[in-house]
Every structure is written in structure tokens, then in C-alpha cells.
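Dear colleague,

I am pleased to hand over the structure below for your review. My notes on it follow.

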Amino acid sequence: MGKTQLYSLYKGFLDCICFCLSRGSGEPAGDTQRDTENGHLIYRNGDVLEDRYEILDTLGEGTFGKVVHCLDHRSILTYRGGNRTALKIIKNIEKYREAAKQEINVLKKISEKDPNNKHHCVQMLDWFNYYGHVCISFELLSLSTFDFLKANNFLPYPINHIRHMALQICHAVRFLHDNKLTHTDLKPENILFVNSDYSFIYNTEKKCNERRLNDTTVRLVDFGSATFDHEHHSTIISTRHYRAPEVILELGWSHPCDVWSIGCILFEYYEGFTMYQTHDNKEHLAMMERIQGPIPRRMIQRSRKQKYFHCGRLNWNECSKSGRYVKAKCKPLRKYLLSQATEHHQFFNLLERMLEYEPSKRISLSSALRHPFFLPLHHPGKNQLWRNSSDMSR
């Protein structure tokens with residue numbers, strides 16, 4: 001065998017060893033195979049990132065990248081789940097990297113202002129750059145409030161569960177507002193249960209088994225779109241169904257847009273379906289008018305979207321296909337009441353104040369937290385009402 005053949009054999013042997021070692025350390029095999037065409041990191045269960053994070057499973061995927069369940073081999077923390085974490089792996093694309101850096105900045109601010117995790121916002125544990133992928137490690141949480149609703153066949157949450165969840169959401173977002181931040185993307189998918197274990201309860205009205213949570217403690221997540229008061233405010237924010245009227249009308253926005261989103265979220269928890277099921281601006285405004293009455297004339301006059309209006313009113317034909325759809329899908333807010341009990345009327349009073357058209361008149365979260373709907377949670381001896389599975393009246 002010649003020297004050239006021996007060298008080739010030896011090099012091949014070394015390459016084989018290097019390949020095996022790289023897989024054992026969790027690094028993808030070769031630069032060209034590290035990312036998918038759309039920028040996702042290529043990985044498999046058992047890969048280890050940064051000699052620390054062992055990937056156990058994929059938890060979810062979004063436009064930004066993926067979230068994976070990891071075993072943190074260096075963790076000495078004692079949070080729920082021990083050394084198991086959620087790792088957000090951002091796509092290797094510049095705009096997502098920049099958004100991730102902004103999110104890290106917000107998460108650092110949250111950690112600085114809330115070191116003891118009292119304000120119901122998810123905690124960042126670590127972050128690093130992995131071959132162009134920004135990776136952020138978080139406490140491991142459970143299902144989102146949307147995913148639980150979906151798994152429960154979109155049966156509404158009980159009113160006492162909504163009360164406790166709403167209290168925490170309002171606390172979390174008020175904390176952001178107090179620190180000059182607007183979340184801008186509040187939705188059921190961005191509110192996660194700490195533990196989504198449940199019991200089966202027979203629903204006599206629906207004649208089926210229903211999942212009832214054992215613990216309604218939640219965390220607010222996804223600060224990738226959160227904006228400081230002094231930063232540039234994008235014209236369009238929020239996921240469509242939770243978008244405030246001032247955003248649609250391009251009147252500028254601030255903290256009150258989050259309050260509007262919370263109102264839409266709480267309605268969805270109560271009814272089991274989205275308040276504004278549409279993808280069109282004018283149809284969205286028509287739904288608002290059907291549910292909450294006419295849009296104030298001064299908001300219309302100030303709007304840059306005059307194409308939606310005629311003579312100071314929404315240019316809407318109720319006899320059109322869209323008009324019939326809106327009429328069939330929507331009705332005045334109070335007609336959605338599921339019970340005439342006092343707590344239900346209190347809840348709808350809170351919704352009405354959160355869904356006030358004028359941002360300046362919309363209830364602040366400091367005021368919302370003092371609303372009578374939350375009294376059972378503030379009253380001595382009743383602060384554990386939400387945990388009592390025997391008290392599940394709607």
C-alpha cells in the first residue's frame with residue numbers, strides 16, 4: 001500500500017472519529033448541515049449545547065424559532081422541575097437575532113426589578129450564542145392557557161379560575177407598565193400555567209367529562225415585542241384578535257393597548273372562543289361596533305384610516321356577505337353572560353371598562369386590580385378559593 005493510500009486511510013479514520021465526537025458533544029455535523037433552509041437549528045434529542053444543555057424534546061415552534069425541553073447539567077437551582085429548563089432557540093436570521101437581543105434586554109430588566117419572581121413574569125436563567133442562534137434558557141413551564149382550552153374541547157374556564165388567572169395577568173402587566181414597558185403581544189398562547197395537571201369533572205350541562213385544573217398559577221411569557229416607552233413604537237402591533245382600536249386606526253398606542261388585549265383574553269377564557277374572529281380591519285371595526293356600540297367620532301376624525309369611514313361613520317353594509325357574518329357572529333357584550341350571578345355581572349363590568357374605545361378612558365391595571373370582581377381573592381380567608389375543586393360554580 002503506497003504512502004498516498006495510507007494517508008487517505010488515516011485521514012478518513014480521523015474524520016470518522018471527529019464526526020463521532022462531535023455528535024457525542026451535541027454539535028451538528030458540519031457547517032453546511034447546521035441549519036435548515038429557513039434558519040432553524042438542526043438538532044436531535046440527546047444533543048448537548050454549550051456542554052450544558054441536553055435536548056430532551058421539542059416543546060413548540062414559532063416564526064422566531066423553536067423551544068426545546070432541556071436538562072441543564074450545570075444547574076444548581078431549585079425551581080420547579082429541578083435542572084430541567086425550556087430553551088428558546090432563535091433562527092439564524094438577522095431580524096430574529098435582533099429581536100432576541102431586545103427580548104434579552106427586557107428580560108434582564110425584569111430580573112433586575114423582580115429578583116424574587118413575585119410578578120408572574122417568566123424568568124430568564126441564561127442566554128448564549130450558538131453558531132448564530134441566540135438561545136435563551138427559561139424556567140420550565142407547562143401548557144399555555146390556549147393549549148389547555150383546546151385540549152379541553154374549548155369548554156370555558158370556570159369563573160373562579162378566570163378570577164385568579166386575571167388577577168395574575170393584571171399584576172404581571174401592571175409591573176411592566178410601572179417599568180415603562182408595553183408587552184404588545186398579549187394573547188392566551190403567551191400565558192402559561194406553571195403546572196397544568198388536572199382532574200376530570202362531569203359537566204352536567206354539556207353532558208361530558210371536563211378537565212379542571214388543580215392549580216391556576218400562570219406566568220406571562222414572550223417579551224420579543226415588548227417596547228420601552230422611549231423606544232420607537234411600530235405602527236402595527238399585537239396579534240390580530242387582541243389588537244386595540246387605536247392600533248387599527250393608527251392613532252398611536254401606549255400601555256392601554258395591553259389592557260384591551262387582556263379584556264379580549266378574559267372574554268375568550270369565559271366563552272371558550274375568540275371575541276373577534278376576523279382577519280380584516282374594517283370587519284374587525286364592524287365587530288367592535290356590534291359588540292360595544294359606535295366608535296367615538298373624535299377617534300374617527302383623528303384616524304389616518306379614513307377609507308374605512310363615510311361622513312364620520314363606519315362605511316359598512318350589513319346586507320353584504322361580511323355584514324351577515326358579523327351579525328351572525330357578534331352580539332352586544334352583555335348578551336354573552338352565562339349566568340345572572342353577581343360575580344358574572346362584576347366580570348362583565350370589568351370587561352366593559354377594559355374594552356373602552358378611548359385609551360384615555362380605558363381602566364388602568366392599578367384600578368382594575370381594585371375592581372369588585374377580585375374581592376374574593378383579596379378578602380381574608382378566601383384567598384385560596386380558586387384552589388377549591390368543590391367550588392366550581394360558573
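In these notes, buried means under 20% relative accessible area and exposed over 50%, with partly exposed in between (1.4 Å probe, protein chains only). By that definition Cys319 is exposed, with a relative accessible area of 62%, while Cys257 counts as buried at 1%. The count of disulfides (pairs of cysteine sulfur atoms within 2.5 Å) comes to zero.

This is a predicted model, in which local features need pLDDT of at least 70, side-chain atom pairs count only at pLDDT 80 or more, and totals for chains, interfaces and linings use all residues. Residues are numbered from 1 along each chain as its sequence is written, and side-chain values use heavy atoms, with hydrogens and water left out.

Helices (H or I, at least four residues) and strands (E, at least two) are DSSP runs, numbered from the N terminus; two strands pair if DSSP finds at least two bridges between them. Six strands form an open antiparallel sheet in the order 1-2-3-4-6-5. Strand 1 (48-49) and strand 5 (124-130) stand at its edges with a single partner strand each, so one side of each has no neighbour in the sheet. Strand 2 (residues 53-61) pairs with strand 3 (residues 65-72) over seven bridges in the antiparallel sense, and Glu54 stands opposite Leu71 in strand 3.

Helix 2 (residues 94-113) packs on the sheet, touching strand 4 (84-90), strand 5 and strand 6 (133-139); contact means heavy atoms within 4.5 Å.

Yours sincerely

Definitions and conventions:
Axes are lines fitted to C-alpha atoms, for helices over the stretch in contact, and angles run from 0 to 180 degrees between N-to-C directions.
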